[in-house]
Amino acid sequence: MNVCLIILFASSFQPYLLKHHWHAWVDFALFGFNLAFLIAVLAKRKEYFGIYEYANLLVLIAGIVTFMLSAHVIWQVDRYNDARWAFYLLGFLGWYGEWMYLSFKNGAPS
């Protein structure tokens, strides 16, 4: 669940309400869909969320509010994609590390 929250946090790096291209609208729509899906999972499956996941959820909410309030600055600097790709990389490395840990824990053949 934490990897999903990190990936969703990476998706939240975007210039809100400053959409000049169609792919920005598609990106924003996918982000909104994924956020709604996360809220649905939170409502139906509370056992997936521990204290660490709730802390990451609070960081996600704070990040969304911060990026939304500073959308004009983010657009002018045009460096949000670098931060976004860094968090995507962090999410991928988290997923890959968890996959390797579970593979070794379950006794994968060498």
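Modeller: Let me start with a term: a helix is a DSSP run of H or I with at least four residues, a strand is a run of E with at least two, and both are numbered from the N terminus. Ser11 is found in helix α1 by that reading. You are looking at a predicted model, in which local features need pLDDT of at least 70 and side-chain atom pairs count only at pLDDT 80 or more, while totals for chains, interfaces and linings use all residues. Residues are numbered from 1 along each chain as its sequence is written, and side-chain values use heavy atoms, with hydrogens and water left out.

Colleague: Thanks! How many helices and strands does the protein have?

Modeller: There are five helices and zero strands, so the order from the N terminus reads α-α-α-α-α under the DSSP rule. The C-alpha trace spans about 50 × 35 × 25 Å along its principal axes.

Colleague: How do you know that the span of helix α2 agrees with its number of residues?

Modeller: The expected span is 1.5 Å times one less than the number of residues. Helix α2 has 23 residues (22-44), so 33 Å should be spanned, and the end C-alpha atoms are 33 Å apart, which agrees.

Colleague: Back to Ser11: why is this residue called buried?

Modeller: Buried means under 20% relative accessible area, exposed means over 50%, and partly exposed is in between (1.4 Å probe, protein chains only). Ser11 has 8% relative accessibility, so this residue counts as buried. Beyond its neighbours within four places in sequence, Ser11 is in contact (heavy atoms within 4.5 Å) with Phe31, Arg84 and Tyr88.

Colleague: And what makes Leu8 buried or exposed?

Modeller: Leu8, also in helix α1, has 6% relative accessibility and therefore counts as buried. Leaving out residues up to four places away in sequence, Leu8 touches Phe31, Asn34, Leu35, Leu38 and Leu60.

Colleague: Phe31 and Leu38 turn up there. Which residues of α2 are buried, and what do they pack against?

Modeller: The buried ones are Ala24, Phe31, Leu38, Val41 and Leu42. They pack against α1 (2-11) and α3 (51-69).

Colleague: Asn2 is in helix α1 too. Why does Asn2 fall in its accessibility class?

Modeller: Its relative accessibility is 18%, so Asn2 counts as buried. Apart from neighbours within four places in sequence, Asn2 is in contact with Tyr52, Glu53 and Asn56.

Colleague: What makes two aromatic rings a pair?

Modeller: Rings of Phe, Tyr and Trp (its six-membered ring) pair if their centres lie within 6.5 Å; planes under 30 degrees apart are stacked, over 60 edge-to-face, and the rest tilted. By this rule there are seven aromatic pairs. One of them is Phe9 with Phe67: the centres are 6.0 Å apart and the planes stand at 55 degrees, so the pair is tilted. Phe9 lies in helix α1 and Phe67 in helix α3, so the pair ties together parts 58 residues apart in sequence. Phe9 counts as buried at 13% relative accessibility, and Phe67 is buried at 12%. Elsewhere, ring pairs link Phe92, Trp95, Tyr96 and Trp99 into a cluster.

Colleague: How do you know that Asp27 and Arg84 form a salt bridge?

Modeller: A salt bridge needs a side-chain nitrogen of Lys or Arg within 4 Å of a carboxyl oxygen of Asp or Glu. For Asp27 and Arg84, N to O is 2.7 Å, so the pair meets that rule. Asp27 is in helix α2 and Arg84 in helix α5, 57 residues apart, so the bridge links distant parts of the chain. Asp27 counts as partly exposed at 22% relative accessibility, whereas Arg84 is buried at 8%.

Colleague: How many salt bridges does the whole structure hold?

Modeller: A search finds two. Glu47 and Arg45 also meet in a salt bridge, at 3.3 Å from N to O. Glu47 counts as exposed at 56% relative accessibility, and Arg45 as partly exposed at 40%.

Colleague: One more: why is Phe104 given its accessibility class?

Modeller: Phe104, in helix α5 (residues 80-105), has 66% relative accessibility and therefore counts as exposed.
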